[in-house]
Amino acid sequence: MFKLRKFKLPAAALVALSFFLLICVGTALLCLPFATKSGHIDFLTSLFTATSASCVTGLAVADTATYWSYFGQVVILLLIQIGGLGFITIMSLFTLYVRKHTSLSQRKLVMQSAGSVDLASIKGLVKIILLGTLIFEFAGAFILCFAFVPVYGWGEGIWQSIFTAVSAFCNAGFTLTDKKEGYYSLVQFMNYPHVILTISLLIIIGGIGFFVWGDVVHHGIHIKKYSFHSKVVLTTTGVLIVLGWALFMAFEWNNPATIGNWGAGTKVMSSLFMAVTPRTAGFAAVDYGSMSGAGNALTMALMLIGGSPGSTAGGLKTTTLAVFVLATVATARRENEVHLYNRRFENDASHQAGAIVCIYILVSVISTIIICAIESAGIGAGITLDSVAFEVVSAVGTVGLSQGITAGLHAVSKVILILLMYFGRVGGFTLVLIFSGEKKPVSLSRVADKIIVG
């Protein structure tokens, strides 16, 4: 089906190409006159929105609820669903069921797209992905109906519940409540525990990775039987959520511009939400333009980290962070191996993690400098270095949180954000595949020499 031999494209290139084609189709559909409520067509707005939805980011240059018609909103929802699960995964599901036998190359492609490390169990994993997605999204939409229907009525309330549940599970961050009734994103529902906790759980479940799902289904609560990969993912995810939760409470508790004027229970719940949503959902619980400097710095760090491999989330991934931190500690201790849970990481893992972290940071810094140069006339007039850096990290981490400057950026700056969103969705994953590919043997070893580092 994928004709790997004919085109001779590596699996990583096919994954990247699938997202590119998805963006092209989405842009074409959003350029139709009836995709907007006004009938006005703007190519850059359509391209930006299609990229943001396909790459499950959530950045928007036009309000989703008021700018796009129901047809446009359905297109955005489909792009989010396909982009979250991965076009390759969805097509592979069709192939696995239509064909009795699938080739080894096709199974490897699905394995890489779904984030699996076991070639033998890939068919069962794809089944788990489909069934789990339907169950979690349906359950999430059902619970959200109890909050959205009383506010928006039956038809609009059910539609918003479905849209928000899919967007949350796919870590997209799109909502139909943006700026509606004078509220931004989910701020009006901060006092609804079932809304905040449901969306938080959907974000976490969608962001831990499909391969981890397989371990949970097969082994239940017997964590000792989980694979090494799943243990690292769950540990890192748990640490980031708990640490981020505590720090947001410390940083924003007395900030009247964010959660300072709310009750203690709402503050605790909102802090939890602020720790979960930057990785990499992008739903806003507060006005991030009014957040403290420490809070914004913490948010940017979480956005850059993102979710886990083979999930609906973007970013440089939790496992990359875990390997990078442990490798740094091992280097400081002059240890030859990087290990955790009585297991050692593969030798190439630390090099791959270091390369990915450096590339994400370099891309973010360079993009921030370029956009600041382009927006130099607007610096000081609502556009600051902090807001630009926040926007860039949000795009490259496929998060979607913003300090409100997206719509006012220059067209060239928007194109840069489009490229960053695309890179964030497929770049880190592709880099892992490139660095982990087979290496040609070196016929001649170069002479080693000394250099002072640090």
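An α-helix has 3.6 residues a turn, so residues three or four places apart point the same way.

Before going on: this is a predicted model, where local features need pLDDT of at least 70, side-chain atom pairs count only at pLDDT 80 or more, and totals for chains, interfaces and linings use all residues. Residues are numbered from 1 along each chain as its sequence is written, and side-chain values use heavy atoms, without hydrogens and water.

Back to α16, which runs over residues 347–374 and has 28 residues. From first C-alpha to last it reaches 42 Å, close to the 40 Å expected at 1.5 Å a residue; the expected span is 1.5 Å times one less than the number of residues.

The protein chain has 18 helices and 2 strands. Helices here are DSSP runs of H or I with at least four residues, strands are runs of E with at least two, and numbering is from the N terminus. Of the 454 residues in the chain, 53% are buried.

Next, Gln188, in the loop between α9 (154–169) and α10 (193–207). Is Gln188 buried or exposed? Gln188 counts as buried because its relative accessibility is 17%. Its side chain joins that of Tyr152 in a polar contact of 2.8 Å. Such a contact is a pair of N or O atoms within 3.5 Å; within protein, one must be able to donate a hydrogen and the other to accept it, and residues adjacent in sequence count only if both atoms are side-chain atoms.

Conventions
Buried means under 20% relative accessible area, exposed over 50%, partly exposed in between (1.4 Å probe, protein chains only).
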